[in-house]
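Try each task before you read its solution.

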Amino acid sequence: MATNPVIDTRQIGKFRVFDNVQEHWSDWEIQFVCWISLVQPAYPKYVEAAEKETVPIDMPENETQQSLAIQLYAILAQSTQGCGLRAVRAVKTRCGFEAWRQLVELSEPKVATRRLASLANVCLLYTSDAA
């Protein structure tokens, strides 16, 4: 497995945490994608591809892509909270591309009822774990 380089945020700054306010999602998303492009210029194409997937994304076998997926997972875990963080944590493989897909599905559902179902599933998953 490839090693993940340490991200030096002294020049680009740390990214702000998503507050889970639906009205803030589209602004946060574009700012996040721009920020991760400073970390690794290839990220925008990977997250765009992940958004289009309709089935869970497995951890890539390619060492470089695997390294990017792990790094993205870590970034997402530090840039989300509440239900967003629970969606990221639910990705047991720690594949950042799948975590991004889950976060987008939660925040940009195609239908309002799908959003409610996704949100309920994520929140229920961790409520039952805490009991």
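**Exercise 1. A residue on helix α1**

Task: Decide whether Ile30 is buried, partly exposed or exposed.

Solution: Start with a reminder that you are looking at a predicted model. Next, find Ile30, which lies in helix α1. Its relative accessibility is 51%, and the cut-off for exposed is over 50%. Ile30 therefore counts as exposed. To place this residue against the next part of the chain, go to Pro44, 14 residues away in sequence. The C-alpha atoms of Ile30 and Pro44 are separated by 9.9 Å.

**Exercise 2. The overall make-up**

Task: Describe the secondary structure of the protein and how its residues divide between surface and interior.

Solution: Begin by counting elements: the protein has 6 helices and 0 strands. Read from the N terminus, the order is α-α-α-α-α-α. Now turn to burial, where 36% of the 131 residues count as buried. Finally, look at contacts between residues at least 6 apart in sequence: 66% of them join residues at least 24 apart.

**Exercise 3. Helices α1 and α3**

Task: Work out how α1 and α3 are oriented to each other, and name the residues that make their contact.

Solution: Two numbers are needed, since a pair of packed helices is described by the angle between the axes and the distance between them. For helix α1 (residues 25–39) and helix α3 (residues 63–79), the angle is about 135° and the axes are 12 Å apart. That angle makes α1 oblique to α3. As for handedness, the two helices cross in a right-handed way. On the α1 side, the contact residues are Trp28, Phe32, Trp35, Ile36 and Val39. On the α3 side they are Gln71, Leu72, Ile75, Leu76 and Ser79. Sorted by class, this contact has 8 nonpolar and 2 polar residues, with no charged ones.

**Exercise 4. Helices α2 and α5**

Task: Repeat the analysis for α2 and α5, and find how many charged residues take part in their contact.

Solution: Take the geometry before the side chains. The axes of helix α2 (residues 43–52) and α5 come within 8 Å and cross at roughly 55°. This makes α2 oblique to α5, and the crossing is right-handed. From α2, the contact uses Tyr43, Tyr46, Val47, Ala50 and Glu51. From α5, it uses Phe97, Trp100, Arg101 and Val104. The classes come to 7 nonpolar, no polar and 2 charged residues.

Key:
Residues numbered from 1 in each chain as written. Predicted model: local features only at pLDDT ≥ 70, side-chain atom pairs only at ≥ 80, totals over all residues. Heavy atoms only, no water. Helix = DSSP H or I, 4+ residues; strand = E, 2+ residues; numbered from the N terminus. Buried < 20%, exposed > 50% of the residue type's maximum accessible area, 1.4 Å probe, protein only. Contact = heavy atoms within 4.5 Å. Axes fitted to C-alpha atoms, helices over the stretch in contact; angles between N-to-C directions. Parallel < 35°, antiparallel > 145°, perpendicular 65-115°, else oblique. Left-handed = near helix turned anticlockwise from the far one by under 90°. Nonpolar A, V, L, I, M, F, W, Y, C, P; charged D, E, K, R; others polar.
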